[in-house]
Amino acid sequence: MVATSRISSWVAPALLLFVALVHTTDADHLYVGYYAKSCPNVERVVSSVMASRVGSGRMAPAVLRLFFHDCFVNGCDASVLLDATPFSESEKDAKPNASLTGFTVIDEIKAALEKECPATVSCADVLALASRDAVTLLGGPTWNMPLGRKDSRFAADKEFTTKHLPSPNDNLGELIKMFGELGLDARDMTALSGAHTVGMANCEHYRERVYGTSDTEYNIDPSFADARRKMCPPQGSSGDAGKAPFDVQTPRKFDNAYYRDLIAHQGLLNSDQALYSGGGVDSLVERYGADGDAFGRDFAKAMVKMGNILPLKGLPTEVRLQCSKANY
């Protein structure tokens, strides 16, 4: 009887905690100041960890990329952070996500928030705030981020994940269609693609463009192609030596140089150069290339819009206590 009593006294609060944490997306709503009462220092905590761990270095683009890869697959639900289990695949293991990094930064922010306000701030909101701070730390714009997301208890399988992420060789029509399915229009797509003003790509992702072997080949500056071929062999893996910056001008500064690269036919990926290929968004590329403030404003608006993509209604969600695994 004593043992049973002890077990019951432990299970009861655990069940109450579970009930408090589990939600369905039917009730999800996002707004600025969501944690004003429950965790008023949330943005300060995120910014502090980001500044100390990321600064203006290479990890900032990695954190930004995590947010994109999360939101494009079943909405912004932190499913990209889940590790595989015996019963569930991990989105991390899908080929487009193989080079993702930045997970330890998100884990550190989450751990700090669990001390500040336990079982309150979702990993999805951590990722949304961290991606905004990554842009700001790199010299880009800032914005008020609506909060209130919840975390999915399940990740998408590898096949589904791959299908719903843009490919380095997508053409303009494919890009517009993929973004459109998420409620993002061509303007959003063109502005969000400007995230490639920072970060790097592996050789395997730009090899077809610089060697002219892709069906979606676009005009490429010969000297640019030659420089990239020196870093990337025509076959095989070149490892880190083959990594190249999306924007060779200012690779660690969040600015509008990416668009000037496209105008000069120096987009690193076919999917980059597709934005300036005689299609319907050429004028936007030219505008952003000439006006960095216009790009910054549109990018911030598009990030909020992308961040509003939620999981399908009715799917079980929760506030994860650890970002890499569901609560039970």
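Throughout these legends, a residue is buried under 20% relative accessible area, exposed over 50% and partly exposed in between (1.4 Å probe, protein chains only). The views show a predicted model, in which local features need pLDDT of at least 70 and side-chain atom pairs count only at pLDDT 80 or more, while totals for chains, interfaces and linings use all residues. Residues are numbered from 1 along each chain as its sequence is written, and side-chain values use heavy atoms, with hydrogens and water left out.

**View 1. A119 in the loop between α4 and α5**. Here we meet a residue other than glycine with a positive phi: that of A119 is near 55 degrees. A119 is partly exposed, at 24% relative accessibility. Helices are DSSP runs (H or I, at least four residues), numbered from the N terminus.

**View 2. N74 in the loop between α3 (59–71) and α4 (103–116)**. Phi is positive for N74 too, near 65 degrees, and N74 is not a glycine. Its relative accessible area of 32% makes N74 partly exposed.

**View 3. Helix α2 (residues 42–53) crossing helix α5 (residues 123–137)**. Their axes (lines fitted to C-alpha atoms over the stretch in contact, with angles from 0 to 180 degrees between N-to-C directions) come within 10 Å and cross at roughly 50 degrees. That makes α2 oblique to α5, as angles under 35 degrees count as roughly parallel, over 145 as roughly antiparallel, 65 to 115 as roughly perpendicular and the rest as oblique.

**View 4. Residues where α2 meets α5**. On the α2 side look for V42, E43, V46, S47, M50 and A51, and on the α5 side for L129, A130, R132, D133, A134 and L137, with contact meaning heavy atoms within 4.5 Å.

Technical notes:
Helix = DSSP H or I, 4+ residues; strand = E, 2+ residues; numbered from the N terminus.
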